[in-house]
Amino acid sequence: MSIAVFASGDGSNFEALVERSRNLQWPQSITLLVTDKADAGALDRARKLGISAVTIRPQDYESKEAYESVLLSLLRENGIEWILLAGFMRILGPVLLKAYPWRILNVHPSLLPAFRGKNALEQALAYGVRWSGVTVHWVDEGVDTGPIIDQKPILVEPNDTVETLQRKAQFVEHNLYPAVVYKLLTGKIQPPQGTPAD
C-alpha cells in the first residue's frame, strides 16, 4: 500500500513531501502523482523525482462522478491507501470520500476556519489580519471544512505582499505537512470516526 499526491499547480508541496518521505524512510512511500491539468508544473517535478504521474482532466468526463470513478480505478490499480492534496484545486465528491474515509489530507494557507477556498492569502491581506498561517486538515465534502489536524501561525508584517506572504506560507507548508503525514503513518495521529461524506 502506498500514497498518492494530487496537485494542480507548481508542485512544491509535492516535492517537499517526496523528499521528506525518502529522508525519513516513511513506512509507506509516495508512488503516484495525479494532476487535473496537463501543464501542471508538478509533472516536471515528478519526472525528476522518478514518481509515476498521470493527468486526468475532469472536462473529459460527463460528470463529476464519472471523473472520480476513473480516479478511483487508478488509485486501486496502484494500491493507494492515502491521498494527499497539495494544491489540488478541486472539491472532492462522494465517490472518493466514501472510498477513502478519513484517508485524504489537505494543506491550506490560512488558519482555518478563516479564509477558506481560493485566494486565502489575498483574503487575509485584504482583511488586514496580523496573523495568517497554515493548516493541515482532514478532507470532507466541504471547502476546507474538514477537522483540523495541526496549524502554524505566520506573522503578517505591514510591508507584506501576496508574494512575500506566499513564500512564508510555503516554507511552513513544506515542513508542517510532511511532519503531520509522518505522525499519521507512525500512529501518532488517529483519523476521526464516522464517514466524511455523511
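I began with P101, which sits in the loop between α4 (94–99) and β5 (104–108). A reminder to myself before going on: this is a predicted model.

**Entry on α5**

Next I turned to helix α5, which spans residues 120–127. Which of its residues are buried? I noted A120, L121 and A124. Looking down the axis of α5, I found these buried residues within an arc of 100 degrees, so they line one face of the helix.

What covers that buried set? My list includes β5, β6 (131–138) and α6. Following the chain just past the end of α5, I came to G128, which has a positive phi of about 80 degrees.

**Entry on α5 with α6**

The crossing is right-handed.

Which residues make this contact? From α5 I have L121, E122 and L125, and from α6 their partners are V162, L165, Q166 and A169. Sorted by class, that gives five nonpolar residues, one polar and one charged. I was pleased to meet L121 again here, having already listed L121 as buried.

**Entry on α1 with α6**

My last stop was helix α1 (residues 12–23), which packs against α6 (residues 162–185). I read an angle of about 45 degrees, with the axes 9 Å apart. Roughly parallel would need an angle under 35 degrees, so α1 and α6 are oblique to each other as well. Here too I noted a right-handed crossing.

Where do they touch? On the α1 side I found S12, N13, A16, L17 and R20. On the α6 side they meet Q170, E173, H174, N175, Y177, P178, A179 and V181. By class, I have six nonpolar, five polar and two charged residues in this contact.

To close the page: α6 has contacts with α5 through V162, L165, Q166 and A169, and with α1 through residues including Q170 and V181.

Technical notes. Residues numbered from 1 in each chain as written. Predicted model: local features only at pLDDT ≥ 70, side-chain atom pairs only at ≥ 80, totals over all residues. Heavy atoms only, no water. Axes fitted to C-alpha atoms, helices over the stretch in contact; angles between N-to-C directions. Helix = DSSP H or I, 4+ residues; strand = E, 2+ residues; numbered from the N terminus. Parallel < 35°, antiparallel > 145°, perpendicular 65-115°, else oblique. Left-handed = near helix turned anticlockwise from the far one by under 90°. Contact = heavy atoms within 4.5 Å. Nonpolar A, V, L, I, M, F, W, Y, C, P; charged D, E, K, R; others polar. Buried < 20%, exposed > 50% of the residue type's maximum accessible area, 1.4 Å probe, protein only. Arc of directions from axis to C-beta.
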